[in-house]
Amino acid sequence: NPLKVLKLLLVILLLAHINSCVFFALANFDQHANSGNIDAQHNWANSEGLIDPAPQCPGTAVPLKIVSQQYTAGLYWAMATISTVGYGDITGDLGSMQEILYSTLILLVGMMVYTLVIASLEDIVSQLDVTSSLYKMK
């Protein structure tokens with residue numbers, strides 16, 4: 001049973017990691033695609049000040065501190081969105097249809113994942129109850 005709980009936790013963390021990376025990749029793509037026009041850069045990372053407003057390709061290496069801030073912000077968004085808590089402090093930019101559609105998709109996926117997690121936890125708890133009942137009967 002502890003292994004089932006650990007498996008559920010790892011699935012949630014893997015899903016959050018993948019969504020964090022994709023969400024940042026959407027912002028990074030928008031930033032580079034509109035690098036000549038700062039007014040056209042509509043993405044969450046730019047709104048949060050986590051990305052260079054005038055990127056050059058090939059550019060210089062991004063310091064680890066900045067990369068960790070970007071990843072942490074993306075992971076925070078992913079966990080808040082997947083868990084359907086959605087605090088709203090980091091959101092897809094309303095000027096970016098890709099970010100809004102991706103956020104909506106992840107809300108739906110998060111709802112399904114947490115439904116499965118709750119059902120699995122209920123199954124684990126019910127098995128514990130049966131096991132303890134059988135133990136008490138002996």
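What percentage of the 138 residues of the chain count as buried, and what surrounds Asn19?

A: This is a predicted model, in which local features need pLDDT of at least 70, side-chain atom pairs count only at pLDDT 80 or more, and totals for chains, interfaces and linings use all residues. Residues are numbered from 1 along each chain as its sequence is written, and side-chain values use heavy atoms, with hydrogens and water left out.

Of the 138 residues, 27% count as buried; buried means under 20% relative accessible area, with a 1.4 Å probe and protein chains only. The chain has four helices and zero strands, where helices are DSSP runs of H or I with at least four residues, strands are runs of E with at least two, and both are numbered from the N terminus.

Asn19 lies in helix α1, residues 2-33. Asn19 counts as buried because its relative accessibility is 4%. Leaving aside residues up to four places away in sequence, Asn19 touches Trp77, Ala78, Ile82, Tyr102 and Ile106; a contact means heavy atoms within 4.5 Å. The side chains of Asn19 and Tyr102 also make a polar contact at 2.7 Å, that is, a pair of N or O atoms within 3.5 Å; within protein, one must be able to donate a hydrogen and the other to accept it, and residues adjacent in sequence count only if both atoms are side-chain atoms.

The buried residues of α3 include Trp77, Ala78 and Ile82. Just after α3, Thr84 takes a positive phi of about 60°.

Technical notes:
Buried means under 20% relative accessible area, exposed over 50%, partly exposed in between (1.4 Å probe, protein chains only).
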